[in-house]
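Hello,

Here is the structure I promised to pass on to you. Please open it alongside this message, and my notes on it follow below.

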Amino acid sequence: MTASAEPLIELRRVSRSYGDGAARVVALDDVSLSLEAGVFAAFMGPSGSGKSTLLNIISGIDCASAGEVRVGGRRIDRMNEDELARWRARHVGLVFQSFNLVPVLSALENVALPLLLFDLSGEERRRRAALALGIVGLGERLEHRPSQLSGGEQQRVAIARALITDPELVVADEPTGNLDAKSAEAVLDLLRELRARLGKTIVMVTHDPRALRWVDRSFHLDKGRLLSGAAAEQAARALRAVADAASQAVGAGAALGRA
Ligand SMILES: Nc1ncnc2c1ncn2[C@@H]1O[C@H](COP(=O)(O)OP(=O)(O)OP(=O)(O)O)[C@@H](O)[C@H]1O
Ligand SMILES: [Mg+2]
C-alpha cells in the first residue's frame with residue numbers, strides 16, 4: 001500500500017455555537033486545519049477559547065454547527081449518532097484530565113472495558129489488556145484498583161485503555177492537568193512514545209506551556225478562532241518564554257536547596 005498524502009484530520013470552515021439569541025455562544029468560529037497522520041499535536045489557548053470543543057468535534061463526541069470534518073478520509077460530520085459511536089469505538093482512543101477509571105475494577109479490567117464491544121473471549125480481552133498495560137510500563141500492576149495507584153499511574157492506565165482497540169487517533173483533554181510536574185513529564189514522554197513506536201496520531205489539549213517541548217505541532221486558539229501566521233508564532237513564543245521562566249525558577253529553587 002502506498003502512503004496516502006491525505007491528512008488524517010481535516011477541518012474546513014468549522015463552527016460550533018451553543019444557545020440562541022442573546023444567550024448564543026460561539027465556541028468555534030470558522031476553523032480550518034489539517035493534520036497529517038503520525039503527529040503529536042497540541043491545541044493551546046486561554047480558558048474558554050474553544051480547545052475542548054475542537055477536540056470533541058474531531059473525536060466525534062460533539063458535532064459541528066457548520067463546516068466539514070474529515071477524519072481518516074471519512075466525513076464524520078455526516079454520520080448519525082449510532083454511526084459516530086461505532087466509528088469512535090474503533091478509531092479513537094480517549095484520555096481525560098480526571099482519568100475516568102472505574103473505581104471498583106482492577107487496572108486490567110478497566111483497560112479491557114472497551115473490548116466488550118468486540119467479539120472476543122474473556123481470555124483474549126485479558127491478554128490484550130495485559131499487553132497494553134505492559135506498553136505503558138504497568139505490567140506489574142494488573143490487579144491494582146485505581147485508588148491503589150498514583151495519579152500518574154492512573155493516567156497511564158487510562159492511556160492503556162485508550163490504546164486497547166488499536167485506534168489510529170488518540171485524543172487527550174488536559175491529560176496532565178491533575179498531575180505533579182514529574183508525573184506530567186512521564187505522561188508526555190509516554191504520549192510521544194506512542195507516536196514514535198506505534199505510529200499513533202495524538203491530539204492533546206493543554207494549558208501547560210512546557211508541553212511545547214514534547215509536541216511536533218501546536219495550534220493556538222483565541223476566542224474560538226484558530227490563530228495563523230505571525231499571530232500563531234507570537235502565541236507560541238509567549239508560551240515558550242513562560243516555560244523557560246518556569247524551568248529557570250525550578251533550577252534556581254534546586255540550587256537554593258543545595259546551598
Ligand atoms: N454545552 C455548552 N453550552 C454552552 N456553552 C458552552 C458549552 N460548551 C462550551 N461552551 C462555551 O464555549 C466556549 C468554549 O468552551 P471550551 O470548553 O471549548 O473551552 P476551552 O478552551 O476548552 O476552555 P478550558 O481551558 O477552560 O477548558 C466557552 O465560552 C464555553 O462556555
Ligand atoms: Mg477545555
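Predicted model: local features only at pLDDT ≥ 70, side-chain atom pairs only at ≥ 80, totals over all residues.

Asp-222 has Arg-225 of strand E10 as its bridge partner. E10 covers residues 225-226, and it pairs with E9 in the antiparallel sense over two bridges. The two strands form a hairpin with two residues between them. If you look at the turn, you will find Lys-223 there, with a positive phi of about 50 degrees.

E9 has another neighbour as well. Strand E3 (residues 40-44) pairs with E9 (residues 217-222) in the parallel sense, over four bridges. Within that pairing, Phe-43 is bridged to Phe-219 of E9.

Stepping back to the whole chain, you will see seven helices and ten strands. The C-alpha trace spans about 60 × 50 × 45 Å along its principal axes. How does the radius of gyration fit with a compact globule? For 259 residues such a globule would have a value near 18 Å, and the chain has 19 Å, which agrees. Of the 259 residues, 37% count as buried. Among contacts with a separation of 6 or more, 70% are between residues 24 or more positions apart.

Next, the interior. In soluble globular proteins, nonpolar side chains tend to be buried together. Here the largest nonpolar core has 63 residues, and those with the most contacts inside it are Ile-58, Val-111, Leu-133, Ala-160 and Val-171. Helix H5, residues 151-163, gives the most to this core, with six residues.

Finally, the ligand. Which residues surround ligand 1? The shell consists of Tyr-18, Gly-19, Val-25, Ala-27, Gly-45, Ser-47, Gly-48, Ser-49, Gly-50, Lys-51, Ser-52 and Thr-53. By type, they divide into three nonpolar, eight polar and one charged. Strand E2 (25-35) and helix H1 (51-58) each supply at least two residues of this shell. The largest share, three residues, comes from H1.

Do write back with any questions.

Best wishes

Key
Residues numbered from 1 in each chain as written. Chains lettered and ligands numbered in written order. Rg over C-alpha atoms; globule rule 2.2 N^0.38 Å. Buried ≥ 20, exposed ≤ 12 C-beta atoms within 10 Å, placed from the backbone. Contact = placed C-beta atoms within 7 Å. Near = placed C-beta within 6 Å. Nonpolar A, V, L, I, M, F, W, Y, C, P; charged D, E, K, R; others polar. Core = buried A, V, L, I, M, F, W, Y, C linked by C-beta atoms within 7 Å. Pairing = 2+ DSSP bridges.
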